[in-house]
Every structure is written in C-alpha cells, then in structure tokens.
Amino acid sequence: MAVTIKTKHGEIDVSTNTVATIVGGAASDIYGIVGMASKNQFRDGMNTMLNREDFSRGIVIHQEDGKLAVDVYIIVGYGIKISEVAKNLKEKVKYNLETMLGTPAGTVNVYVQGIKVLDDVE
C-alpha cells in the first residue's frame with residue numbers, strides 16, 4: 001500500500017514503510033520513549049519492544065480526506081510524564097511529515113502500550 005501525495009506537478013506515491021520510517025525516526029528522538037510496541041500485542045507478544053528495523057509494525061498509516069493519519073504505539077519510561085511525551089511526539093511527527101514529504105499531517109494518535117522501568121546507570 002502506498003500514500004498518494006498530490007502536488008501541482010502531479011502525484012507521488014510513497015510507500016507506507018517509508019512513512020513509517022520517518023515517523024519511527026521522530027519517535028526515537030523524543031525523550032521518554034524507550035521503544036516502539038507492536039500494534040497487535042496478542043499476536044506478536046505482550047511485552048515485545050520493536051527494533052529499528054521493525055518500526056512499521058508499531059505504526060499504522062492511512063489517509064483521511066487527503067491528509068495522513070498516523071497511529072503510533074510506544075513504550076514510555078517509568079516516571080516520565082506521558083502527556084508531555086505524547087504531545088512532543090505528535091508535534092515532531094507532524095513537523096517531519098510536513099517538511100520531508102510536503103504533505104499536511106492530519107491526526108497523530110499515540111497509544112502507550114507499556115511502561116518500562118529503566119535501570120539507573122551510575
């Protein structure tokens with residue numbers, strides 16, 4: 001499946017894996033996100049964190065009214081304010097999609113699939 005972007009010069013088809021890589025890269029830059037989670041935890045395992053190569057399994061891309069709609073499934077570090085992490089992620093994803101693809105981002109939905117206790121390294 002591909003996302004179609006309409007420009008004044010024509011249409012561009014971008015694969016959903018490419019869009020998922022852009023979104024996953026934005027998620028990996030946000031403080032407080034310790035990993036991506038699978039959107040289908042029952043099939044893939046309850047506590048599985050995805051590697052960088054598996055970002056597309058934790059991100060769902062679809063188009064609504066000519067804009068991209070993105071669902072991001074994340075795991076947050078214990079003690080981190082979830083609302084701030086979600087707000088920062090939404091802003092970063094929208095910014096990256098608009099600058100890299102030139103298309104407006106519609107909705108960005110953040111689903112926190114788990115919380116991970118981080119080991120203190122001193």
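The following questions and answers go through the predicted model of this protein.

Residues are numbered from 1 along each chain as its sequence is written, and side-chain values use heavy atoms, with hydrogens and water left out. Because the model is predicted, local features need pLDDT of at least 70 and side-chain atom pairs count only at pLDDT 80 or more, while totals for chains, interfaces and linings use all residues.

Student: In what order do the elements of the protein run from the N terminus on?

Tutor: Helices (H or I, at least four residues) and strands (E, at least two) are DSSP runs, numbered from the N terminus. The protein has three helices and seven strands. Their order is β-β-α-β-α-β-β-β-α-β.

Student: What percentage of the residues in the protein are buried?

Tutor: Buried means under 20% relative accessible area, exposed over 50%, and partly exposed in between (1.4 Å probe, protein chains only). The protein has 122 residues, and the buried share of them is 37%.

Student: How many residues lie between β1 and β2 in their hairpin?

Tutor: Two strands pair if DSSP finds at least two bridges between them. β1 and β2 run antiparallel and are joined by six bridges. Lys 6 stands opposite Glu 11 in β2. In the hairpin that β1 and β2 form, the number of residues between them is two.

Student: How far apart are the end C-alpha atoms of α1?

Tutor: The expected span of a helix is 1.5 Å times one less than its number of residues. α1 has 13 residues, so the span should be 18 Å. The distance between the end C-alpha atoms agrees, at 18 Å.

Student: How wide an arc do the buried residues of α3 cover around the axis?

Tutor: Val 85, Ala 86, Leu 89, Val 93, Asn 96 and Leu 97 are buried in α3. The arc is that of the directions from the helix axis to the C-beta atoms. These residues are on the same side of α3, because the arc they cover is only 105°.

Student: Is β3 largely enclosed or largely open, and why?

Tutor: Three bridges join β3 to β6, and the two strands run antiparallel. Ile 33 has Val 76 as its bridge partner in β6. Four of the five residues of β3 are buried, so β3 is largely enclosed by the rest of the structure.

Student: With which side chain does the side chain of Asp 71 make a polar contact?

Tutor: Asp 71 lies in strand β6 (residues 67–77) and is buried, with a relative accessible area of 10%. Contact means heavy atoms within 4.5 Å, and residues that Asp 71 touches include Gly 58, His 62 and Tyr 111, not counting residues up to four places away in sequence. A polar contact is a pair of N or O atoms within 3.5 Å; within protein, one must be able to donate a hydrogen and the other to accept it, and residues adjacent in sequence count only if both atoms are side-chain atoms. At 2.8 Å, the partner of the Asp 71 side chain is that of Asn 109.
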